[in-house]
Amino acid sequence: MKPLTLTNNAQSDSDKRNQEKLVAAGELPRHIAIIMDGNGRWAQTKGNIRIHGHKAGVDSVRDITESCAQLGVEHLTLYAFSTENWNRPSAEVNGLMKLLVASLRDEAENLHENNIRFSTIGQIERLPVNCQKKIQEVTDLTKDNDRLQLCLALSYSGRWDITEAVKKLAVEVRNGNINPEDIDDSLISSHLSTADIPDPDLIIRTSGEFRISNFLLWQLAYSELYITKTYWPDFKRDELYEAIKSFQKRDRRYGEVKKGYTKAISSTVINQIIS
Ligand code: IPE
Ligand code: IPE
Ligand code: MG
């Protein structure tokens, strides 16, 4: 397979070594999801208007996508525009939509040549028609690629996602296709917009906010969180590697007891302690 060229930079030997070390150090997250935050503040610190930050953020998207593909991460989901972001001033919203179309136009061939599959989640029908067309084009062009699945969350919110799943299930119950008792975790998961994507193993949020802002609410039940103060336009691969290193040190217990942590204790002993 030809080397990835999304950033137009040849991969340095030291970056190759860093990636090799990371892969050797432990399991990689299969799915990384990122709340790309802080573009506006990044621009403000430079005395610029917010849209400069959004434009600079596209370079981070390229760098992170390229490095995830090189590492062998299977899924990368990027929160690019939330349902609530529609409430921003229309000049900013229009600027973001134009930037999206321009970026998709510039990157489509590149994504395809690098075997990256592009997809979206969210209320795509709310986007301007030219955006919708571009999204469809890039989705169709890259649909058979199997290196990295890059999913953009656009006009997305976790509550919207869950609401839509509930509506679909209600219709299936009404039509007699399923019984209410059939509804369980996995049936709900399979009715979400992420039905064909595993839950994120690692969620990264840039810009230091300790909140989820209506991202993958259902899917993040057991995701590991990594929050950094770095603004999104400054978030590049070296910090992604730090996030992955942190992930590799986590002990994912899923509510169970760490293996080897407790000796088997008889119920008599437990009863003595409690009484
Ligand atoms: C994230 O950066 C990008 C979008 C939400 C579209 P922001 O635009 O939220 O930048 P800050 O958080 O105001 O600095
Ligand atoms: C979250 O960032 C949404 C995206 C990154 C697309 P926001 O900037 O919209 O979130 P809040 O307002 O800080 O919660
Ligand atoms: Mg923000």
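Start by selecting α2 (39–45), α3 (50–71), β2, α4 (90–113) and β4 (148–156), each of which supplies at least two residues of the lining of the largest pocket. Helices (H or I, at least four residues) and strands (E, at least two) are DSSP runs, numbered from the N terminus. A pocket is an open set of points on a 1 Å grid over the protein atoms alone, where a 1.4 Å probe fits, with protein on both sides within 12 Å along at least five of seven lines; lining residues have an atom within 4 Å of a point.

The model is predicted: local features need pLDDT of at least 70 and side-chain atom pairs pLDDT 80 or more, while totals for chains, interfaces and linings use all residues. Residues are numbered from 1 along each chain as its sequence is written, chains are lettered from A and ligands numbered from 1 in the order in which they are written, and side-chain values use heavy atoms, without hydrogens and water.

**The pocket**

Keep the lining on display. The largest pocket holds about 910 Å³ of space, the volume being that filled by probe spheres set on grid points joined across faces, edges and corners. Its lining has 40 residues, and M36, N39, Y79, A80 and F81 are the closest to the centre. Colour by element next: α4 provides the largest share of this lining, 8 residues. Colouring by class gives 20 nonpolar, 10 polar and 10 charged lining residues. Here Ala, Val, Leu, Ile, Met, Phe, Trp, Tyr, Cys and Pro count as nonpolar, Asp, Glu, Lys and Arg as charged, and the others, Gly among them, as polar.

**Ligand 1**

Now select ligand 1, which takes up space in the largest pocket; a molecule sits in a pocket if more than half of its atoms lie within 2 Å of the grid points. Two or more residues of its shell come from each of α2, α3 and α4, and α2 gives the most, with 3 residues. Of the 13 residues around ligand 1, D37, G40, R41, R50 and R88 come nearest; a residue is near if one of its heavy atoms lies within 4 Å. The classes in this shell are 3 nonpolar, 5 polar and 5 charged.

For R50, the side-chain distance to a ligand 1 oxygen is 2.8 Å. Taken alone, ligand 1 exposes 380 Å², and the protein buries 88% of that (Shrake-Rupley areas, 1.4 Å probe).

**Ligand 2**

Move to ligand 2, whose space is also the largest pocket. The shell to select is I35, M36, D37, Y79, A80, F81, S82, N85, R88, R205, R211 and S213. Strand β2 (residues 75–82) gives the most to this shell, with 4 residues. By class, the shell has 5 nonpolar, 3 polar and 4 charged residues.

Alone, ligand 2 exposes 390 Å², of which the protein buries 79%.

Terms used. A polar contact is a pair of N or O atoms within 3.5 Å; within protein, one must be able to donate a hydrogen and the other to accept it, and residues adjacent in sequence count only if both atoms are side-chain atoms.
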